[in-house]
Amino acid sequence: MSLADLGSGFLLAALALAMASGGLAVTAGQRDDPVLARVARRAFGTAALCAAGASATLLAALVGRDFSISYVAEHTDRALSLPLTVAAFYGGQEGSLLYWALLLMAGGTLALAASVGAGARLTAFANAVLAAIATFFLIVLVFVASPFDLAPGVLTDGLGLNPILRDGGMLVHPPLLLAGYSSFAVPFAFALAALLAGREDATWIALTRRFALVAWALQSVGLTLGMWWAYHVLGWGGYWGWDPVENAALMPWLATTAYLHSAQVQEHRGTLRAWNFGLVIAAFLLSVLGTFIVRSGVLPSVHSFAVSPLGPWFLGFLAVSVAVAGGIMASRSGRLRPAQPVETTVSREGAFLLQNVLIVALVAAVLWGTMLPLLSGMLGRELVVGPAYYERVGAPLFLALLALLAVGLLLPWRRVGHGRLRLLRWPLAAAGLALAALLAAGVRQPGALVALPLAVAGLATCAAEYARGGAQALRSAGPRAAAPARVVARNRRRYGAYLAHVGILMVAVGLIGSHVWQQSRQVLLQPGQSVTVGWHTLTYEGVSRQAQGDHTAEVARLSMGQETLEPARLTYASLGGQAVTRVAIRSTPLDDVYVVVAGPPDGDAVAFTVFDNPLVTWIWAGAVLLIAGVLVGNLAAVRREPERVPLRHTAAVQAGTGE
């Protein structure tokens with residue numbers, strides 16, 4: 001039996017088991033039958049094992065260079081390194097779909113096993129939704145885009161991986177981003193299951209919050225690594241271009257960010273139930289939309305695949321998902337009314353609601369800008385918006401969110417007492433000092449003069465909360481040295497949320513600084529000539545030509561003080577002479593010096609593009625703190641903390657369970 005036959009057999013078995021699991025799960029949910037629900041779960045888990053078998057078969061074909069399989073021939077060659085050969089598993093259309101299905105089914109199996117205690121009816125309906133999604137992907141893999149189709153002839157070598165993808169970023173960015181996309185299906189399944197089972201209270205929040213956090217964290221890492229990869233590989237000096245595929249990955253992340261905040265309101269106050277269901281459903285639908293954009297090629301993007309027959313399939317799946325989810329929501333609308341209204345807008349509950357409105361408005365603006373070319377093209381005149389549109393629309397929303405980050409932690413869940421307003425003096429004082437320092441330094445850009453003080457105010461708020469927690473720790477019983485650790489351990493969600501906010505604010509500082517103060521120059525230099533960008537002077541010393549494995553490299557040398565930067569241009573003769581750049585970057589906490597070879601050398605003369613990008617490292621450091629804060633803060637069990645009462649006349653702020 002060939003590897004192609006074995007892989008195809010695994011996919012057919014997975015499809016049959018997924019369909020059987022879905023049918024059994026629907027019956028189990030309708031009958032509230034725990035035995036039938038268990039059988040359905042086992043069928044789904046076995047389908048996941050079959051998907052794993054198909055994946056292992058494809059990996060064996062890739063590593064073994066089985067060029068009788070078209071996918072292997074199209075995405076590898078004999079010169080490709082082993083790590084990149086393994087990465088070719090998700091580097092093409094069919095393989096990435098198999099990877100998507102594998103992660104969906106593996107994550108779904110774990111989620112169903114972890115939620116057995118929630119009752120047969122709820123888990124059975126969640127199983128049915130997950131099985132339906134898996135069935136769609138498996139149908140596509142079996143009948144439309146199989147990774148095990150045979151090559152038309154006998155081949156001794158393959159075409160190889162795209163030169164741009166021959167980078168270490170290929171090993172981390174695509175798998176994590178695809179994992180995030182697939183993980184959004186789990187909270188979506190449990191949200192629909194809660195509606196079908198009549199479990200609209202906060203029980204489903206406790207089940208899905210962890211799964212939503214996993215999806216959010218994976219997407220966060222994937223987005224950050226994508227920005228880092230674009231910055232280090234593409235050679236354009238930026239990290240986010242408002243490309244349709246970038247936007248498609250950002251939108252479900254934003255929707256889930258809103259849900260993770262509003263879920264706390266439902267836990268504490270029982271409000272925003274319909275809102276939370278809508279956000280979870282929207283996150284999954286946006287992930288399907290993003291998959292459609294990538295797979296169909298209907299929108300021009302450096303990230304999307306070529307136009308393929310998969311577009312109509314995913315468009316149909318999206319339409320069915322919208323209809324089914326919308327119908328279930330509409331049929332349960334009467335049960336989603338809040339038990340009590342939002343008590344006051346000047347409270348943490350009101351701040352979360354306003355924050356969610358702003359995030360949803362941002363999602364709507366990004367969605368409109370992304371889909372405008374497609375929608376307008378249907379009417380005969382294609383319209384396209386560029387980065388300027390997103391900056392004009394997003395800037396006011398971004399500033400409002402920064403302001404909420406500065407004050408939201410200082411608000412109680414209910415009404416604000418007069419003493420609590422005094423706590424605003426810390427963020428206001430920090431913002432005032434930051435504004436004065438910027439003006440004294442000669443900064444006159446309006447965006448920086450507004451946004452940076454707001455970010456500093458938010459950092460001051462987080463610092464004040466940590467200081468207040470430290471003071472509380474010193475007053476607690478037990479050894480003083482271990483007191484801060486005890487307080488943080490008892491309130492991990494709260495202090496993890498503070499750390500996540502610090503990370504967000506650091507990212508904001510990096511985005512503002514690199515956007516407002518970036519400088520660049522394009523020059524043609526002979527050896528010995530220099531170029532100055534910002535406060536850095538670089539001297540070109542010469543170029544060398546080197547053979548490096550499957551490509552040749554033209555490496556330029558530039559000195560900057562005691563440092564040497566070596567940007568290069570790589571040419572792949574085996575791929576028809578395709579050439580890519582290799583960027584040279586010198587990073588510090590203050591700025592990045594970023595050098596690109598802008599074209600083929602003309603003798604010893606080389607054209608360069610040189611950037612000075614301030615504060616970019618703050619973006620990467622902030623993203624690490626953001627993800628760490630969310631993960632560490634949510635290792636604790638979900639529990640409701642009582643609202644604290646300030647002692648006597650102190651202005652102690654109520655911090656709740658997070659954010």
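Which residues does I133 touch, not counting residues up to four places away in sequence?

A: In this predicted model, I133 touches L104, A185, F188, F284 and F317, leaving aside residues up to four places away in sequence. I133 belongs to the largest nonpolar core, a set of 129 residues, and I133 and Y259 are the members with the most contacts inside that core.

One of the residues touched by I133 is F317, and F317 is among the buried residues of helix α12. This helix covers residues 310-331; its 22 residues should span 32 Å at 1.5 Å a residue, and because its end C-alpha atoms are 32 Å apart, the expectation and the model agree. The buried residues of α12 are L310, G311, F314, F317, L318, S321, A325 and I328. Viewed down the axis of α12, they fall within an arc of 135°, and therefore they line one face of the helix.

The protein comprises 19 helices and ten strands. Of its 659 residues, 54% are buried. When contacts between residues at least 6 apart in sequence are considered, 72% join residues at least 24 apart. The accessible surface comes to about 27000 Å², and carbon and sulfur atoms account for 66% of that surface.

In one of them, the side chains of R166 and D77 meet at 3.4 Å, N to O. R166 lies in the loop between α6 (120-144) and α7 (173-183), whereas D77 lies in the loop between α3 (70-75) and α4 (82-87), so this pair ties together parts that are 89 residues apart in sequence. Both partners are buried by the cut-off of under 20% relative accessible area: R166 counts as buried because its relative accessibility is 12%, and D77 counts as buried because its relative accessibility is 6%.

Elsewhere, the side chains of E554 and R545 form a salt bridge at 3.6 Å, N to O. D591 and R586 likewise meet through their side chains, at 3.7 Å, N to O, and D591 and R586 are both buried. E563, R586 and D591 are linked in a network of salt bridges.

Definitions and conventions:
Residues numbered from 1 in each chain as written. Predicted model: local features only at pLDDT ≥ 70, side-chain atom pairs only at ≥ 80, totals over all residues. Heavy atoms only, no water. Helix = DSSP H or I, 4+ residues; strand = E, 2+ residues; numbered from the N terminus. Buried < 20%, exposed > 50% of the residue type's maximum accessible area, 1.4 Å probe, protein only. Contact = heavy atoms within 4.5 Å. Areas by Shrake-Rupley, 256 points an atom, 1.4 Å probe, with all protein chains shown as cover. Core = buried A, V, L, I, M, F, W, Y, C linked by side-chain atoms within 4.5 Å. Expected span 1.5 Å × (residues − 1). Arc of directions from axis to C-beta. Salt bridge = Lys/Arg side-chain N within 4 Å of Asp/Glu carboxyl O.
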